[in-house]
Amino acid sequence: MSRRTRRTTPVPCPCGLPAPYADCCGRLHRGAAQAATAEQLMRSRYSAFAVGDEAYLLRSWHSTTRPPRLELDPGPRWVRLEILGTTDGSAFHSSGTVEFRAHYVDGGRAGEQHENSRFTREGGAWVYVDGVSLP
């Protein structure tokens, strides 16, 4: 009798980078790594919305702008992230911005969120401060 082994295909990371979720944003969500740049934090926060990780979203939010709790809307299914531009936010900066467009489907209808988000370092780690919605 032969034994069949089940091969599992790694789940792609929702952030759009060509890496499995577990090796990409999943490492940040689990606390095994910290974002090295503002863009990496932005990607990991998008992925947290996609996988429903409210705890990570709160942990990666600046202490002065973080809400006391977060309840994600179960309606939207986040399907694609576009990074449109960054200002500063590298490993050598203390602040930066990321302009992005996040695409979703909700009730069978496509939508998008276009935002310019601000990031800074708090306790050495990149955190989300706030964002401005764009048309």
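How much of residues 37-131 is helix and how much is strand, and how far apart are the end C-alpha atoms? Over this stretch the chain is 21% helix and 47% strand, and the end C-alpha atoms lie 17 Å apart. Helices (H or I, at least four residues) and strands (E, at least two) are DSSP runs, numbered from the N terminus. UniProt lists residues 37-131 as "domain: YchJ-like middle NTF2-like", in an unreviewed entry. UniProt positions follow the numbering used here, feature names are shortened, and annotations may be inferred rather than shown by experiment.

The model is predicted: local features need pLDDT of at least 70, side-chain atom pairs count only at pLDDT 80 or more, and totals for chains, interfaces and linings use all residues. Residues are numbered from 1 along each chain as its sequence is written, and side-chain values use heavy atoms, with hydrogens and water left out.

**Overall layout**

The protein has three helices and four strands. Along the sequence they follow the pattern α-α-α-β-β-β-β. The C-alpha trace spans about 60 × 35 × 30 Å along its principal axes. Of the 135 residues, 33% are buried (under 20% relative accessible area; exposed is over 50%, partly exposed in between; 1.4 Å probe, protein chains only). The accessible surface comes to about 8500 Å², and 50% of that belongs to carbon and sulfur atoms. These areas come from the Shrake-Rupley method with a 1.4 Å probe; for residues, only the protein chains shown count as cover. Among contacts (heavy atoms within 4.5 Å) between residues at least 6 apart in sequence, 42% join residues at least 24 apart.

**The sheet**

The four strands form an open sheet in the order S1-S2-S3-S4, with antiparallel pairing. S1 and S4 stand at the edges with a single partner strand each, so one side of each has no neighbour in the sheet. The twist averages 30 degrees from one strand to the next. Two strands pair if DSSP finds at least two bridges between them. S1 and S2 run antiparallel and are joined by 10 bridges. Two of their bridge partners are tabulated here.

| Residue | Bridge partner in S2 |
|---|---|
| Leu 81 | Ala 102 |
| Glu 82 | Arg 101 |

The hairpin of S1 and S2 has six residues between the strands, and Gly 89 there takes a positive phi near 80 degrees.

Axes are lines fitted to C-alpha atoms, for helices over the stretch in contact, and angles run from 0 to 180 degrees between N-to-C directions.

The largest nonpolar core has 20 residues. Such a core is a set of buried Ala, Val, Leu, Ile, Met, Phe, Trp, Tyr and Cys residues joined through side-chain atoms within 4.5 Å. Leu 41, Met 42, Tyr 46, Leu 81, Ala 102 and Phe 119 touch the most other members. Helix H2 (38-51), helix H3 (54-59), strand S1 (77-88), strand S2 (95-106) and strand S4 (125-133) each supply at least two core residues. H2 gives the largest share, five residues. Leaving out residues up to four places away in sequence, Met 42 touches Leu 81, Ile 83, Val 98, Phe 100, Ser 117 and Phe 119.

**Ala 48**

Ala 48 is in helix H2. Ala 48 has 0% relative accessibility and so counts as buried. With residues up to four places away in sequence left out, Ala 48 touches His 29, Asp 53, Tyr 56, Leu 57 and Leu 72. Ala 36 is 12 residues from Ala 48 along the chain, and their C-alpha atoms are separated by 17 Å.
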